[in-house]
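Thanks for coming, everyone. I'll walk through one model today, piece by piece. Please have the viewer open.

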Amino acid sequence: MKKNEKNLIEAILFSASEPLDVGTIKSKVKSGTDVLKILYELQKDYEDRGIRLVNLADKWSFRTSEDLSGKLKKEIIIQKKLSKAAIETLAIIAYHQPVTRSEIEEIRGVSFSTGTLEILFELGWVKPNGRKEIPGKPLLYVTTDKFLNHFNINSLDDLPNSDELLAAGLIDSRVDSSIFGTSKFIESDQNENKENIYSNIDDMISDTLEEDK
């Protein structure tokens, strides 16, 4: 019986169009099944295979082994890049959440169009999350589990700090460091006069927005 349940959970994960949490998996198998134990068993079964069972943001899914993913790219690739406004807006939400639209605009220093947020909604990386208890009760925005899953991070605690972003060449002079300005994520700049040698911020997530046809 345990083998049947294990096979069923394996099939559920293979057929799922998105990562699944334990509760969702439990709803599809026999009551009393130790789903978490079976998931860890499956993870061990696949640890040396071409695909791996991974757990990100408390959700489980099969992924191509990292050492093989580069060999499976399709020949025709269409690249999409987020606009500078969308990149900055996403970064502000990720590092300051929950945050209102006016707070985003205050940090950026400019207003932005509704379309900027709509793009992030369509990607499933940002969502409304209640209202702030101030006059007008504006909407609060946060990142989603899909955001964590897409960028392959387990939690918001794994977001890189400003020094790490600079070292990786992911931010440049076009972006105000206040975007990453919470005490949790930014350290004081001790090299203010250092020559800017970093690449265009549009490269920040261009590789992650490739779509295959």
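What percentage of the 213 residues of the protein chain count as buried? The figure is 33%. Keep in mind that this is a predicted model.

Now the inventory. The protein chain has nine helices and seven strands. Next, the contacts in the chain with a separation of 6 or more. Residues 24 or more positions apart account for 60% of them.

Let's start with a sheet. Find strands S1, S2 and S3. They form an open sheet of three strands, in the order S1-S3-S2. The pairing is antiparallel. S1 and S2 are the edge strands, and each pairs on one side only. A reminder for anyone new to this: strands of a sheet pair through backbone hydrogen bonds, either parallel or antiparallel.

How many bridges join S1 to S3? Two. S1 covers residues 20–21, and S3 covers residues 59–64. Leucine 20 has tryptophan 60 of S3 as its bridge partner.

S2 is residues 51–56, and six bridges join S2 to S3. These two strands run antiparallel. Look at asparagine 55: tryptophan 60 in S3 stands opposite.

Now the turn. S2 and S3 form a hairpin with two residues between them. Alanine 57, in the turn, has a positive phi of about 55°. Aspartate 58 lies in the loop between S2 and S3. Aspartate 58 has a positive phi too, about 65°, although it is not a glycine. Why point this out? Most residues other than glycine have a negative phi, and most peptide bonds are trans.

Is aspartate 58 buried or exposed? The cut-off for exposed is over 50% relative accessible area. Aspartate 58 has 60% relative accessibility, so it counts as exposed.

Lysine 137 has a phi near 45°, and it is not a glycine. Its place is the loop between strand S5 (126–131) and strand S6 (139–143). Lysine 137 has a relative accessible area of 43%, which means it is partly exposed.

Helix H1 lies across S1, S2 and S3, running at about 70° to S3. Helix H3 lies across S2 and S3, running at about 140° to S2.

H1 and H3 also pack on each other. H1 is residues 2–15, and H3 is residues 35–45. The angle between them is about 70°, and their axes are 10 Å apart. Angles of 65 to 115 degrees count as roughly perpendicular. H1 and H3 are therefore roughly perpendicular to each other.

Who makes the contact? From H1: Lys2, Glu5, Lys6, Ile9, Glu10 and Leu13. From H3: Val35, Lys37, Ile38, Leu39, Glu41, Leu42 and Asp45. Sort them by type, and you get six nonpolar, no polar and seven charged. An α-helix has 3.6 residues a turn, so residues three or four places apart point the same way.

Next stop: helix H5, residues 84–96. H5 has 13 residues and reaches 18 Å from its first C-alpha to its last. That is close to the 18 Å expected at 1.5 Å a residue.

How many of the 13 residues of H5 are buried? Eleven, so the helix is mostly covered. Among them are Ile87, Leu90, Ile93 and Tyr95. Glu88 and Thr89 are buried as well.

Zoom in on alanine 85, which lies in H5. Alanine 85 has a relative accessible area of 18%, and buried means under 20%. That is why alanine 85 counts as buried. Leave aside the neighbours within four places in sequence, and alanine 85 is in contact with Arg108 and Thr116. Alanine 85 and threonine 116 are 31 residues apart in sequence. In space, C-alpha to C-alpha, they are 6.9 Å apart.

Last item. Which two residues does a cis peptide bond join? Glutamine 97 and proline 98, with omega about -5°. Proline 98 lies in the loop between H5 and helix H6 (101–108).

That's my tour. Over to you.

Technical notes: Residues are numbered from 1 along each chain as its sequence is written. This is a predicted model: local features need pLDDT of at least 70, side-chain atom pairs count only at pLDDT 80 or more; totals for chains, interfaces and linings use all residues. Side-chain values use heavy atoms; hydrogens and water are left out. Helices (H or I, at least four residues) and strands (E, at least two) are DSSP runs, numbered from the N terminus. The expected span of a helix is 1.5 Å times one less than its number of residues. Buried means under 20% relative accessible area, exposed over 50%, partly exposed in between (1.4 Å probe, protein chains only). Two strands pair if DSSP finds at least two bridges between them. Axes are lines fitted to C-alpha atoms, for helices over the stretch in contact, and angles run from 0 to 180 degrees between N-to-C directions. Angles under 35 degrees count as roughly parallel, over 145 as roughly antiparallel, 65 to 115 as roughly perpendicular and the rest as oblique. Contact means heavy atoms within 4.5 Å. Ala, Val, Leu, Ile, Met, Phe, Trp, Tyr, Cys and Pro count as nonpolar, Asp, Glu, Lys and Arg as charged, and the others, Gly among them, as polar.
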